[in-house]
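Subject: Structure for your files

Dear colleague,

Here is the structure I said I would pass on. My notes follow below it.

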Amino acid sequence: MQTSRRFFLRNGALALAGTAALPAFLTRAVFAASATASAQGKKLVVIFQRGAADGLNIVVPWREPTYYSMRPTIAIPQKQVLDLDGFFGLHPAMASLEPLYRQRHLAIVHATGSPDGTRSHFDAQDYMESGTPGLKSTRDGWLNRALQAEDQRVKQPHTAFRAVALGTDVPRTLAGRIPALAISNVQDFAIGGRGPKPAPVSTAFEAMYDQSSDSLLHSAGDSTFEAIKMLRATDPGHYTSDASANYPDSPFAKNMKQIAQLLKANLGVEAAFTDLGGWDTHQNQGSVDGQLANRLRDFSESIAAFWRDMGSDAENITLVTMSEFGRTAHQNGTGGTDHGHANAMFVLGGHVKGGKVYGKWPGMAEHQLNEGRDLAITTDYRRVLGEVVSRTLGANNLEVTFPGAQLNPNQFLGLV
Amino acid sequence: MPSYNRFNNGRRSVSRVRAVAAILMAASLCNPGLGAQAAASSASGTKIDTDQRILHVLNRFTFGATPGEMAAVRKVGIDAWFEQQLHPSSIPDRDVDARLAEFPALRLPVPTLLERFPSGAMIRQTANGKLAEPRDPYLSAIYNRHIDLYEEKQAKKADEKPKMATDTDMATIGIVAGQAQGQLPLNQKGKARLDKGRPAYAELLVKTTLALPPDERVKRILTMQPEEYGQLQDSLKGPQKMLVTQDMTPAQRELVEDFDNPTRTVVRELQGQRLLRDIYSKRQLQEVMTTFWLNHFNVYLHKNDEAPYYLVSYERDVIRPRALGNFEDLLVATAESPAMMLYLDNATSTGPDSPAVEKQKQRVTMGKPAKKGTPPGLNENYARELMELHTLGVNGGYTQKDVTEVAKVFTGWTVDQPALGGGFKFDETRHEPGKKLVLGKKIKENGQKEGLQLLHMLATSPATAHFIAQELAVAFVSDTPSPALVNRMAQTFLKEHGDVAAILKTMLHSPEFWASDVYQAKMKTPLEYVISAARASGVEIEDTQPLANALNQMGMPLYSCVPPTGYSAKAEEWVSTGALVTRMNFALSLATNHFPGIKAKWVPGHLEESGPNQSEQLLEARLIPAGVSEKTRAAVIDQATGQASGLPTGTTAGVEGNQGNMPIAARALSPSARQTAIERQNAQLAGLLLGSPEFQRR
């Protein structure tokens with residue numbers, strides 16, 4: 001069956017001629033099916049920090065003397081670090097996440113990343129998202145393959161909302177055989193205008209596509225209108241987030257809020273993705289205050305708000321963050337840092353064994369640095385994600401998700 | 001009613017021969033070979049250019065058939081038309097030339113463009129005293145404004161204090177965080193943003209500014225302080241924004257936009273000219289091939305501060321003049337372009353044994369500190385993509401060792417002072433000495449000539465011929481082109497030494513191109529969709545921005561494909577739930593004049609008295625000459641009928657107290673109200689047709 005299915009790239013597409021089965025079983029039993037799925041299954045939320053976030057100033061190794069000698073003006077002073085475990089501490093702008101660490105929902109992995117040595121943003125993001133560092137020929141993404149791996153184990157019906165990206169297009173992470181949906185604004189996901197009832201033009205379009213003999217467009221159309229109907233049925237116009245959430249007023253917070261909205265709406269969301277830019281702090285990155293601090297504040301507050309918003313549903317969520325590489329250990333000549341290597345990942349969730357910083361710390365003495373300039377990697381990021389997907393999505397076939405990585409469950413960090 | 005295709009602008013009278021041909025055509029859709037039946041049915045035995053064949057050629061080799069183009073091809077025949085298209089300079093293009101006169105900046109050489117529309121780097125360097133300030137008073141005003149903005153931003157970064165998270169502070173934090181985010185446009189609103197206490201003044205400011213004659217208005221704006229200018233910008237409501245530059249000459253308008261945001265002005269003009277050419281140019285094949293090669297030799301718009309400027313020249317001087325020429329010529333031109341050398345990081349690639357590195361080593365052993373950005377080393381990015389994406393293809397038989405050797409060959413291929421828009425330069429000091437071994441061939445040490453030798457080797461390789469042939473076949477014929485076709489095209493490539501025109505002709509004359517399962521079978525990419533919608537609907541465009549925005553939403557932003565692979569030409573890439581929603585909404589917005597600056601007219605004279613059926617027929621003939629299915633037609637007409645009664649579809653039966661299913665013509669309306677009603681009805685029909693499954697394909 002797999003060989004007769006076509007293989008889809010960035011935006012994903014639905015079943016082609018020959019696999020006419022797709023729409024039929026989706027349309028009727030949708031709510032019942034997705035209710036079951038959401039009761040049993042756990043959901044994965046992935047956040048990509050684009051631009052190479054400065055992991056050393058985010059999860060600060062404040063006991064390392066070289067951290068201070070290498071970053072004379074941008075290091076976070078010991079007194080202002082939010083201590084986590086006596087060695088590492090959080091940047092003070094991340095106060096919102098500290099309680100989650102104390103409550104043991106938040107785990108951190110440090111000195112992790114992609115083994116490929118590229119320092120090109122584009123290449124590194126590509127490699128990280130495709131899940132095959134160094135291989136340019138991979139066209140799909142690790143999360144899409146993880147969902148495929150899940151399908152190998154468990155056959156259950158899925159909706160058009162199974163894999164959702166908040167943004168204008170489906171990211172490489174979600175590209176592949178499993179159809180993924182990109183929504184930039186939940187309220188606008190309709191044709192011919194918002195509203196509780198479909199606009200007449202929407203009904204006209206639906207009839208057209210439903211009757212079309214163009215099988216590709218017919219099934220894409222079916223899925224489109226099904227998704228619109230499903231979403232409309234949740235009355236998105238009147239949705240309000242939980243009163244305790246307190247999202248900041250930023251585009252990233254809006255995306256997190258909408259992810260929560262979709263997760264809570266029983267639409268069958270299994271994997272959600274969004275990203276946040278502005279991390280490429282080559283100059284004037286600031287220390288306790290400044291560019292990076294502002295970015296971290298938005299980042300932390302939005303994630304904390306999301307956590308509160310999910311309420312009891314947070315139990316079934318695992319949220320993971322990543323960035324294509326870290327930044328140089330030394331600061332540069334313009335008050336910033338340059339492209340580096342290892343970075344920190346956050347893993348937050350109801351089933352996460354939080355309250356700990358995982359991974360082997362490579363040290364920051366000159367001779368311990370990667371190529372004499374960056375933090376060295378001691379945990380391949382695929383080991384972290386491999387554990388997350390197998391424990392969250394039940395995607396146990398690691399070779400499918402991360403081909404060539406030769407991941408061994410015995411080597412998981414024990415995060416989830 | 002048989003669903004035969006209506007090609008003649010809605011005129012039902014077709015000649016007897018044509019009718020026979022057309023009916024046979026419809027029947028022949030089940031049989032292979034468009035035109036085969038028609039040729040057989042012709043009494044004289046000469047090849048008949050049936051309208052379906054013409055439509056097919058136009059759909060594939062232009063950005064969308066228009067009634068005008070079809071008439072033109074009918075007149076001279078497909079072969080003659082194609083030959084003419086292969087010689088674009090022989091085709092007058094007055095309409096497009098007039099439109100492009102709006103963008104004088106795009107004619108400038110890169111250093112001048114950079115100087116007049118300063119990039120972030122130019123502003124920084126001027127602020128730091130490394131560059132002299134301009135003498136021209138207008139330009140000086142522009143520089144001063146942006147230097148002020150830059151210095152303000154620096155000051156802000158330096159002394160930003162953290163705020164503890166409280167509810168009242170959320171909004172402020174959000175704004176600050178939002179502004180700092182790298183994704184936002186450069187346009188900084190002045191401090192006036194938070195100064196909401198002076199509405200009366202703001203209104204007066206807008207009124208008096210807009211009332212000035214253009215010459216005065218330019219001066220007034222360019223001498224505004226940041227606060228005042230910010231207030232002006234903030235107080236302008238949507239359509240008013242266009243009034244700021246109303247009646248100005250193109251040069252004046254550019255000055256005002258430059259004042260606002262120099263780089264964005266360049267990007268807007270670059271994207272605008274591309275859209276206008278694609279829509280209005282008579283030299284359609286040249287534009288189609290320019291798009292093809294820009295994608296094949298992809299360069300990303302935001303790679304660095306200078307990329308937008310270099311892209312202006314890249315398209316204008318490197319790609320377009322060679323789009324229908326010789327492949328090797330084009331390949332070499334891209335290899336010697338600053339745009340490509342910077343995009344794929346070759347400009348800083350340095351040979352490990354080059355004089356520059358030797359010098360560096362000496363410095364370090366002598367105890368001197370290493371220069372910034374060192375140690376310089378080999379960068380393999382261009383070398384790899386040159387072989388993987390530009391020539392041989394990923395299966396073209398090269399190894400990692402070859403990549404490294406090719407990288408060595410191209411060391412020294414760099415750019416002279418890129419921050420100032422300098423041109424290509426070969427830097428001997430970066431060049432790796434010694435001979436190189438690539439794909440089993442020895443390349444003797446010979447400076448820049450090594451690269452030219454290598455490019456010749458790649459351009460004439462059978463693997464390249466095959467790779468390019470495959471790519472062209474996918475773009476023009478089918479997502480899964482037959483190996484026979486691709487081989488034939490590859491043979492032409494080799495025989496005619498990479499002559500693009502010859503390869504295209506081979507394609508045009510191949511039976512595979514005319515197979516019935518190829519007709520109307522390719523899914524339109526977002527660019528093809530947006531442009532064909534504009535062409536078909538004959539819109540008059542004053543502002544291309546809504547089209548550029550639509551492309552962003554559809555996932556195909558212009559010049560903004562990040563990886564060097566470029567955008568795919570295959571259906572699977574572009575069909576998805578999100579994509580369909582965006583396309584349908586776009587179709588509705590375009591047709592119902594929802595985009596300011598883009599106007600469609602849906603009331604040709606003889607439509608005045610028509611009912612929904614006739615309107616649909618006429619619109620269908622104009623927008624989708626290949627015709628739509630009965631189902632689509634029914635859905636569209638249903639919608640129109642529902643509209644006529646003013647009720648949602650499906651509730652048209654037995655309604656009392658209104659005009660029911662009465663055609664607009666029969667209702668008691670004043671002439672102008674009738675006109676409006678017809679226009680609105682037709683706009684919605686058009687929107688439905690442009691969003692139909694049939695219009696997604698070409």
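Among contacts in chain A between residues at least 6 apart in sequence, what percentage join residues at least 24 apart? The figure is 73%. Please keep in mind throughout that this is a predicted model.

Chain A overall

Chain A contains 13 helices and 12 strands. Its C-alpha trace spans about 70 × 45 × 35 Å along the principal axes. The radius of gyration of chain A is 22 Å, which agrees with the value near 22 Å that a compact globule of 416 residues would have. Of those 416 residues, 62% count as buried.

As for charge, chain A carries 39 positive and 39 negative side chains. The centres of these two sets lie 3 Å apart.

A sheet in chain A

Three strands of chain A form an open sheet, in the order β2-β4-β3, with antiparallel pairing. Its edge strands are β2 (59-60) and β3 (82-83), each of which pairs on one side only. Between β2(A) and β4 of chain A (residues 89-90), the antiparallel pairing runs over 2 bridges. Within β4(A), A:G89 is the residue that stands opposite A:V60.

Residue A:L407

A:L407 sits in the segment after α13 (398-401) of chain A. Is this residue buried or exposed? A:L407 has a relative accessible area of 18%, and the cut-off for buried is under 20%, so A:L407 is buried. Leaving out residues up to four places away in sequence, A:L407 touches A:R382, A:R383, A:G386, A:L398 and A:F402. One of these, A:R383, is 24 residues from A:L407 in sequence, with a C-alpha to C-alpha distance of 6.5 Å.

Residue B:A127

In chain B, B:A127 belongs to helix α8 (residues 120-127). Its relative accessibility is 24%, so B:A127 counts as partly exposed. Which residues does B:A127 touch, not counting those up to four places away in sequence? They are B:I147, B:Y150 and B:E151. B:D479 lies 352 residues from B:A127 along the chain, and the C-alpha atoms of the two are separated by 52 Å.

Regards

Key:
Residues are numbered from 1 along each chain as its sequence is written. Chains are lettered from A and ligands numbered from 1 in the order in which they are written. This is a predicted model: local features need pLDDT of at least 70, side-chain atom pairs count only at pLDDT 80 or more; totals for chains, interfaces and linings use all residues. Side-chain values use heavy atoms; hydrogens and water are left out. Two strands pair if DSSP finds at least two bridges between them. Helices (H or I, at least four residues) and strands (E, at least two) are DSSP runs, numbered from the N terminus. The radius of gyration is taken over C-alpha atoms; the globule rule is 2.2 Å times the number of residues to the power 0.38. Buried means under 20% relative accessible area, exposed over 50%, partly exposed in between (1.4 Å probe, protein chains only). Contact means heavy atoms within 4.5 Å. Lys and Arg count as positive and Asp and Glu as negative; His and the chain ends are not counted. The place of a charge is taken as NZ of Lys, CZ of Arg, CG of Asp or CD of Glu.
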